[in-house]
Amino acid sequence: MKLIEMVQETVEYIQAKTKYRPEIAIVLGSGLGALGDSLEEAEQIAYEELPHWKSSTAPGHQGRLIFGLLGGKPVLCMQGRLHFYEGYTQKEITYPIRVMAKLGIKNLILSNAAGGINIDFQPGDLMLITDHINFLGENPLMGPNEDDFGVRFCDMSYAYHPELRKIALEAAAEIGCPLRQGVYVATTGPSYETPAEIRMFRLWGASAVGMSTVPEVIVANHSGLKTMAISCITNMAAGVLDQPLTEEEVLTTGERSGAIFRQLIQKIVEKIEG
Ligand code: HPA
């Protein structure tokens, strides 16, 4: 079955299940799922129900679509995403983004938990991603081009849309939320990085490291979505502090930043046109 036919089936299933036709989607990263629970007049669809859609196995990822109102505006939240380290292919990881494109989503806000490489950062900081380094060793657009979505050689010069980034900075200033900025480097995981790898990434100009987001951003750009992303710095990256990294720290720091994260995203959603 062609990708576009699969996507159409998923889109039809979703549209039969919800009255909402949002133009903004938000992908919620590890520990940041609570925003999805706070939507008003919410309608939910579990990933298991959806044709051709894989379920998330990662801790802190609930695995459902939530449609509802955020600051009075209709949005779609993905509570839980798929990762390369779970064993999914790049195509499977990015399938939801293809579906979003055909559902009529125009603006995509991605979020993630990330380790702080920039030594000025602190756990709990939020960072607006300005650009990325794909260290996954694969690209989700490899293989025959999906002409129904986009072009063979997708431009990535403005992958993190300048207009959306400007909105994010204005929104952060308005609510008094300090917002860091920097380059995100994606690794496959599931092991965390070594201190030597982190020193290398710092030399490359990366400020934060994580195990997601980059495949989705590539496919979103290929599909013509305006895209932005915010990292929650849940821990300092390996070797920055003389202490080991734990999954618990990642999840609890994400949850502690939940309230300010929600406020920021709501303000951004309010400011997006349409
Ligand atoms: N490394 C990779 N992924 C992460 C980290 C990290 O330090 N923290 C949260 N996700």
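**Figure 1. Pro190 sits in the loop between strand S7 (179-186) and helix H5.** In this predicted model, the peptide bond from Gly189 to Pro190 is cis, with omega near 0 degrees. Why is that worth a close-up? Most peptide bonds are trans.

**Figure 2. Phe201 is a buried residue of helix H5 (residues 195-203).** Its relative accessibility is 0%, so Phe201 counts as buried. What does Phe201 touch, once its neighbours within four places in sequence are set aside? The contacts are Ile117, Phe135, Val185, Thr187, Glu193, Ala206 and Val209.

**Figure 3. Two residues, His52 and Thr213, have a positive phi.** Most residues other than glycine have a negative phi. For His52, phi is near 70 degrees, and the residue belongs to the loop between strand S2 (40-46) and strand S3 (64-70). Thr213 also has phi near 70 degrees; look for Thr213 in the loop between strand S8 (208-210) and helix H6. Are these residues buried or partly exposed? His52 counts as partly exposed because its relative accessibility is 32%, whereas Thr213 is buried, with a relative accessible area of 0%.

**Figure 4. Ser223 lies in the loop that joins helix H6 (214-222) and strand S9 (226-236).** Ser223 has a relative accessibility of 15%, so this serine counts as buried. Leaving out residues up to four places away in sequence, Ser223 is in contact with Arg98, Ala101 and Phe149.

**Figure 5. Helix H1 (residues 3-17) packs with helix H3 (residues 90-103).** Two packed helices are described by the angle between their axes and the distance between the axes. Here the angle is about 65 degrees and the axes are 9 Å apart. H1 and H3 are therefore roughly perpendicular to each other, and their crossing is right-handed. From H1, the residues that meet H3 are Leu3, Ile4, Met6, Val7, Thr10, Val11, Ile14 and Gln15. Their partners in H3 are Tyr95, Arg98, Val99, Lys102 and Leu103. By class, this contact has nine nonpolar, two polar and two charged residues.

**Figure 6. Helix H4 (residues 162-175) crosses helix H8 (residues 258-271) at roughly 125 degrees.** The two axes come within 9 Å. That angle makes H4 oblique to H8, and the crossing is right-handed. On the H4 side, the contact is made by Ile167, Ala168, Glu170, Ala171, Ala172, Glu174 and Ile175. On the H8 side you will find Ile260, Gln263, Leu264, Lys267, Ile268 and Lys271. Sorted by class, the contact of H4 with H8 comprises eight nonpolar, one polar and four charged residues.

**Figure 7. The largest nonpolar core has 52 residues.** In soluble globular proteins, nonpolar side chains tend to be buried together. Which members touch the most other members of this core? They are Ile14, Trp53, Leu65, Leu76, Val99, Met100 and Leu108. Helix H3 gives the most to this core, with seven residues. Take a moment to find Leu76: not counting residues up to four places away in sequence, Leu76 touches Pro22, Ile24, Ala25, Ile26, Leu65, Ile66, Phe67, Met100, Leu103 and Ile105. A second, separate core has 29 residues, including Cys77, Ile167, Ala171 and Ile272.

Technical notes. Residues are numbered from 1 along each chain as its sequence is written. This is a predicted model: local features need pLDDT of at least 70, side-chain atom pairs count only at pLDDT 80 or more; totals for chains, interfaces and linings use all residues. Side-chain values use heavy atoms; hydrogens and water are left out. Axes are lines fitted to C-alpha atoms, for helices over the stretch in contact, and angles run from 0 to 180 degrees between N-to-C directions. Helices (H or I, at least four residues) and strands (E, at least two) are DSSP runs, numbered from the N terminus. Angles under 35 degrees count as roughly parallel, over 145 as roughly antiparallel, 65 to 115 as roughly perpendicular and the rest as oblique. A crossing is left-handed if the near helix is turned anticlockwise from the far one by less than a right angle, and right-handed if clockwise. Contact means heavy atoms within 4.5 Å. Ala, Val, Leu, Ile, Met, Phe, Trp, Tyr, Cys and Pro count as nonpolar, Asp, Glu, Lys and Arg as charged, and the others, Gly among them, as polar. Buried means under 20% relative accessible area, exposed over 50%, partly exposed in between (1.4 Å probe, protein chains only). A nonpolar core is a set of buried Ala, Val, Leu, Ile, Met, Phe, Trp, Tyr and Cys residues joined through side-chain atoms within 4.5 Å.
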